[in-house]
Amino acid sequence: MTDTIAAIATPMTPCAIGILRLSGPGAVGAADAVFTPFRGGPMSGRPERTLVYGALHDREGAVIDWCLCTVSRAPRSYTGEDTAELQCHGSPAALALGLEALFAAGARQALPGEFTRRAFLNGKLDLTRTEAVAGLIHAETPAAVYQAAGQLGGALARAVDGVYGELAGLCAHFHAVLDYPDEDIDPFEAEELSSALGRAAQGLDALAATYRRGRLLNEGVPCAIVGRPNAGKSTLFNALLGRERAIVTDIPGTTRDTVEERVSLGGVLLRLIDTAGLRETDDAVEKLGVERSRAAMEGAELILAVTDGSSDFTAEDAEVMRLAAASGRPWIWVMSKQDLTGPCTLWSAAPEGGSPAACVSLSARTGYGMDRLEQAVAALFPAPEGVEAGALLTNARQAEAAGRARAAIRRGGDALQAGMPPDAVVADVEQAMSALGELTGRTVSEDVTARIFQQFCVGK
């Protein structure tokens, strides 16, 4: 990392503020080459973290903006290197000219995520905090924001380090007794090992249990809207999105395929799936749509079973209720079209053995009852109690590493109960530590870090 990188760190659309960012040994020198303070000397002679007003020049020296500049010196910066930042007006054309001038001054174009990658490689961030940066950028709900901010603040790293530290102390004690038998060191007891393994297993079990909630926060809850044809599914889908996304007609069977969109409802990110009406049909295309509707139900974490409140309850409605109840997933019975009829009193038709988590009568056209649907969804996915904000596993990489650590601890516990010698058990403990090290980035391969930074945008 001997070169200096530069990038536009804000979207290339007209906006109030646009930022040019630099990092590397020549960052301050490049800033001096393109920026002239209104008063005083160049940025290389200015105090750190001080905003200085001045002129931004293109590569020929012509003024293209009047803006602010600040510098930070290694290692007291985001990347751990010398950095500079130019806070300009948000003209894409002016920012492009400024970036060209920085290239002419010796910088090169930063790769996606390269600023954060340098922060990781320079020890400014561990891998969980690095992933939290991307999580915060892409957060779509307040809950996801709080999770990412907490993880960026080190909540997940602290949870992992607590288990790692205890295991490290255990291994250190074992090797101290083994390597220095003549020293006055307390003997290594099987009871101590068993107790430590139990505490580690308990901590890793609690950590693993957070993954479902963390994954749904980031990826969204797959939510299938199902019902017989013309029950009001697409109208509800559009109402939840706040725009006309799905085609709505009075002709049954209009929806022939699944349509998916993301929306926040009750603070829960939903991956809404509008499906074809569930019924028996001889139409080949509609039959394929019905099969996809059933597949959407099987893959859903939440089902909205919609029936038409303005017409009689039918055998097709009963079949929808039965399928929702048999899915094993939480489901909400939504009685639609309440603008065409009075409040629903038909909840007794719900199937036995799989009652809905909630029953909501609403009108997607007028908005009546939509607040109750929002409350029902929020109640099904509450924030976990007793877990610090940010201490959730949020992706498959983290969950897989935590799972390997947990499996190693279980093997160690089984070996101890089987009467194996302490050194065999400690080998499993060291494998658990290695897995936890991968989780936080203590020990991680280059291909893993490359995959992580592929999701970052340029300039971050």
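Which residue in strand 5 is the bridge partner of V52? In strand 5, that partner is C69, and this pair is a handy place to begin a tour of the model. The model is predicted, so local features need pLDDT of at least 70 and side-chain atom pairs count only at pLDDT 80 or more, while totals for chains, interfaces and linings use all residues. Residues are numbered from 1 along each chain as its sequence is written, and side-chain values use heavy atoms, with hydrogens and water left out.

Strands and helices are DSSP runs numbered from the N terminus, with at least two residues (E) for a strand and at least four (H or I) for a helix. Two strands pair if DSSP finds at least two bridges between them. Strand 4 (residues 52-57) and strand 5 (residues 63-72) run antiparallel and are joined by six bridges. Together they form a hairpin with five residues between them, and G61 in the turn has a positive phi of about 95°. Strand 4 also pairs with strand 3 (residues 35-37), in the antiparallel sense, over three bridges; here A55 is the bridge partner of T36. Five of the six residues of strand 4 are buried, where buried means under 20% relative accessible area, exposed over 50%, and partly exposed in between (1.4 Å probe, protein chains only).

F38 sits in the loop between strand 3 and strand 4 and, because its relative accessibility is 48%, counts as partly exposed. With Y53, V63 and W66, F38 makes a nonpolar surface patch of about 420 Å². R76 belongs to the loop between strand 5 and strand 6 (83-90) and is partly exposed, with a relative accessible area of 45%. Leaving aside residues up to four places away in sequence, R76 touches E48 and R49, contact meaning heavy atoms within 4.5 Å. R76 and R49 are 27 residues apart in sequence, and their C-alpha atoms are 9.9 Å apart in space.

Further along lies helix 3 (residues 114-121), which is largely enclosed by the rest of the structure because six of its eight residues are buried. The buried residues in helix 3 are E114, F115, T116, R118, A119 and F120. Just after helix 3, G123 takes a positive phi of about 80°.

The tour ends at an open sheet of six strands, in the order 9-10-8-11-12-13, with mixed pairing. Strand 9 (259-265) and strand 13 (358-361) are its edge strands, each pairing on one side only. Neighbouring strands of this sheet are turned by 25° against each other on average, direction ignored. Within the sheet, strand 8 (residues 221-226) and strand 10 (residues 268-274) run parallel and are joined by five bridges, and P222 stands opposite R271 in strand 10. Helix 8 (residues 211-219) lies across strand 8, strand 9 and strand 10, running at about 65° to strand 10; axes are lines fitted to C-alpha atoms, for helices over the stretch in contact, and angles run from 0 to 180 degrees between N-to-C directions. Y211, R213, G214, R215, L216 and L217 are buried in helix 8, and just after this helix G220 takes a positive phi of about 95°.

Terms used
Patch = residues over 30% accessible without salt bridge, like charges linked within 9 Å, V, L, I, M, F, W, Y side chains within 5 Å. Areas by Shrake-Rupley, 256 points an atom, 1.4 Å probe, with all protein chains shown as cover. Salt bridge = Lys/Arg side-chain N within 4 Å of Asp/Glu carboxyl O.
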